[in-house]
Amino acid sequence: MSKIEDTVRVPPALFEEPLEDVAFELLNENYVGKIDKKLGLMVTVKEVEEIGIGRVIMGDGAAYHDVTFTALFYKPELQEVIEGEVIEITEFGAFIRMGPMDGLVHVSQVTDDYINYDGKRGALLGKESKKTLEEGNKVRARIVALSLKGKSSKETKIGLTMRQPGLGREEWIEKEKKKKEKGKKK
C-alpha cells in the first residue's frame, strides 16, 4: 500500500454530496487501472486520509481539493511465480489472467513437447504428451519478460513460461507429483 498526494476536481453538481465519498469515487475513476513505473498497477483507492480546503479557479465552477490517500498496487516481478486462469487461446499462445493483469505464454513456452493449435476447439495440444491447454484452465507460470511501459494495463507486456518443473496446468503439476511419489516408493 502506498500513500499518494494529489488534487481532486469536484464539479459543482457534486457539492451537496459528502466530500470524502466524492473524493473517493473521483480518485477511483481517475487512477484505478493506471500504471506507475515504481508502484505498478493501481488496483483500488483504499482510504482518503486527508482533504484540504477547496479552491475555485476563475472560469471553472469546480472546487479543487488537495487530497492524501492510500492505494493498493499490484506490481509483477521478473521471475515471480504466478497462478492464473487461461482466458484466451490463440495459434501463438495462451493469455493468462493473473489478478488485475494478463500475461502471454508463447506456444514455445507451454511445454517441452511440440504444440499444435486446434482452432475449432480453441486449445493447444501436446503432440506426444497429449497435454491440452484450454480456456478456463488454472495454471502456474513464471514471469520471464516484463515491460510496464505506458499508462494502463493494456499497454503492459508480460511474458510467461510453463516449461519448468512445478509449472503448467494444475492437472499436469498434480500428475508430476504423483509420478515422483511413486518413484520414491520403489
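A patch of negative charge on the surface is formed by E16, E17, E20, D21, E25, E29 and E47. The structure is a predicted model, in which local features need pLDDT of at least 70, side-chain atom pairs count only at pLDDT 80 or more, and totals for chains, interfaces and linings use all residues. Residues are numbered from 1 along each chain as its sequence is written, and side-chain values use heavy atoms, with hydrogens and water left out. Patches are made of residues with over 30% relative accessible area and no salt bridge, like charges being joined within 9 Å and nonpolar side chains (Val, Leu, Ile, Met, Phe, Trp, Tyr) within 5 Å. Asp and Glu count as negative and Lys and Arg as positive, while His and the chain ends are not counted; a charge is placed at NZ of Lys, CZ of Arg, CG of Asp or CD of Glu. Accessible areas come from the Shrake-Rupley method with a 1.4 Å probe, and for residues only the protein chains shown count as cover.

Helix 1, residues 19-31, gives the most to the negative patch, with four residues. Helices (H or I, at least four residues) and strands (E, at least two) are DSSP runs numbered from the N terminus. E29 is placed in helix 1 and is exposed, because its relative accessible area is 59%; the classes are buried (under 20%), exposed (over 50%) and partly exposed (in between), with a 1.4 Å probe and protein chains only.

Salt bridges were examined next. Side chains of opposite charge can pair when their charged atoms come close. With a salt bridge defined as a side-chain nitrogen of Lys or Arg within 4 Å of a carboxyl oxygen of Asp or Glu, the count comes to 10. One of these joins R55 to D66, with 3.3 Å between the closest N and O atoms. This pair links distant parts of the chain, R55 lying in strand 4 (residues 55-56) and D66 in strand 5, 11 residues apart. R55 is partly exposed at 40% relative accessibility, and D66 is likewise partly exposed at 40%.

K138 forms a salt bridge with E85, the closest N and O atoms being separated by 3.0 Å. Distant parts of the chain are linked here too: K138 belongs to strand 12 (residues 138-147) and E85 to strand 6, 53 residues apart. K138 has a relative accessible area of 38% and is therefore partly exposed; E85, at 32%, is also partly exposed. A salt bridge between K177 and E174 has an N to O distance of 3.6 Å. Both residues lie in helix 2 (residues 170-185), three residues apart, about one turn of the helix.

In strand 6 (residues 81-90), T90 is buried, with a relative accessible area of 11%. Not counting residues up to four places away in sequence, T90 touches F95, Y117 and L124, contact meaning heavy atoms within 4.5 Å. V107 is located in the loop between strand 8 (101-106) and strand 9 (115-118). Apart from neighbours within four places in sequence, V107 contacts E91, F92, G93, I115 and L124.

Positive phi values occur in Q79, near 75°, and in K130, about 65°, neither residue being a glycine. Q79 is found in the loop between strand 5 (63-74) and strand 6 and is partly exposed at 47% relative accessible area. K130 occupies the loop between strand 10 (123-126) and strand 11 (132-134) and is exposed, with a value of 64%.
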